[in-house]
Amino acid sequence: MPAYLADFEAEYRRLGPQSFVRAYPWPVLVVAGIGGVLQGNLSRGGTMIASNSELLQATALAGRVFPVVKGRNSLPGPVTIGRTSDNDLAIPEYTISTRHCLLALVDGEYRLTDLGATNGTFVDDVPLPPRKPCRLRGGETLRMGRFTLLFHLPRGFGEFLRQRAQPQDQDQDQDDFGNANKKVI
């Protein structure tokens with residue numbers, strides 16, 4: 001199973017659009033960035049100090065693609081997302097709560113629910129109230145802890161990969177996640 005964007009891009013080129021969606025029929029979360037404002041006690045000052053190993057671990061997750069699927073031995077129900085391995089989707093990072101949020105398929109719609117996470121869950125920069133489901137249509141930007149993630153449905157992920165594979169306009173450059181940046185001459 002591919003793990004990073006580059007791996008999925010190679011699979012997309014190898015299989016083609018229709019075969020890719022058949023081979024990978026589930027939504028995904030793509031780690032698009034690291035940063036953000038964390039909640040908590042700021043009386044000690046606003047600077048967070050991280051060790052080199054913490055930064056190395058966090059940057060190793062950039063570009064990681066997490067399929068939104070139930071774990072092999074999990075009970076039926078929504079996909080649990082959190083820091084520890086007992087979640088269906090584990091993001092091993094200290095700014096993600098142990099049980100951060102749930103993603104459920106209800107009546108053909110995906111619904112994201114924050115479980116009262118310390119650093120909250122954001123959809124397109126809007127904080128989710130704890131335990132109030134939010135409908136996702138695909139293409140949203142989520143924030144959990146210090147991570148920015150892109151939520152894609154299967155066809156949307158294929159389109160995202162197709163756009164990344166297209167030749168660039170020579171007056172523009174793109175970062176690793178498809179964001180256009182004008183070149184300075």
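Trainee: How many helices and strands does the chain have?
Mentor: This is a predicted model. Both kinds of element occur in the chain. The count is 4 helices and 13 strands.

Trainee: What share of the residues counts as buried?
Mentor: Buried means under 20% relative accessible area. The chain has 185 residues. The buried share of them is 38%.

Trainee: What part of the accessible surface belongs to carbon and sulfur atoms?
Mentor: Start from the total for the chain, about 10800 Å². The part that belongs to carbon and sulfur atoms is 52%.

Trainee: How far does helix H4 reach from its first C-alpha to its last?
Mentor: H4 covers residues 154–165, which is 12 residues. At 1.5 Å a residue, 16 Å is expected. The model comes close to that, with 17 Å.

Trainee: Which residues of H4 are buried, and why do they line one face?
Mentor: The buried residues of H4 are Pro-154, Phe-157, Gly-158, Phe-160 and Leu-161. Seen down the axis of H4, they line one face because they fall within an arc of 160°. In an α-helix, residues three or four places apart point the same way, because there are 3.6 residues a turn. For H4, the value to keep is the arc, 160°.

Trainee: Which elements do the buried residues of H4 pack against?
Mentor: Two of the partners are helices, H1 (5–15) and H2 (17–23). The others are strands: S1 (28–34), S2 (65–67) and S11 (147–152).

Trainee: Where do the buried residues of H1 sit around its axis?
Mentor: Leu-5, Phe-8, Glu-9, Glu-11 and Tyr-12 are the buried residues of H1. They cover an arc of only 160° around the axis, so they sit on the same side of H1.

Trainee: Which exposed residues does the opposite face of H1 carry?
Mentor: The buried residues of H1 pack against H2, S1, S2 and H4. The face turned away from that buried side carries the exposed residues Arg-13 and Arg-14.

Trainee: Which strands stand at the edges of the open sheet of 6 strands?
Mentor: The order is S2-S1-S11-S10-S7-S8, with antiparallel pairing. An edge strand here has a single partner strand, so one side is left without a neighbour in the sheet. The edge strands are S2 and S8 (126–127).

Trainee: Which residue in S8 stands opposite Phe-122?
Mentor: S7 (residues 121–123) and S8 run antiparallel, joined by 2 bridges. Opposite Phe-122 stands Pro-127.

Trainee: What angle does the direction of H4 make with that of S11?
Mentor: H4 packs on the sheet and touches S1, S2 and S11. With the direction of S11, that of H4 makes about 110°.

Key:
Residues are numbered from 1 along each chain as its sequence is written. This is a predicted model: local features need pLDDT of at least 70, side-chain atom pairs count only at pLDDT 80 or more; totals for chains, interfaces and linings use all residues. Side-chain values use heavy atoms; hydrogens and water are left out. Buried means under 20% relative accessible area, exposed over 50%, partly exposed in between (1.4 Å probe, protein chains only). Accessible areas come from the Shrake-Rupley method with a 1.4 Å probe; for residues, only the protein chains shown count as cover. The expected span of a helix is 1.5 Å times one less than its number of residues. The arc is that of the directions from the helix axis to the C-beta atoms. Contact means heavy atoms within 4.5 Å. Two strands pair if DSSP finds at least two bridges between them. Axes are lines fitted to C-alpha atoms, for helices over the stretch in contact, and angles run from 0 to 180 degrees between N-to-C directions.
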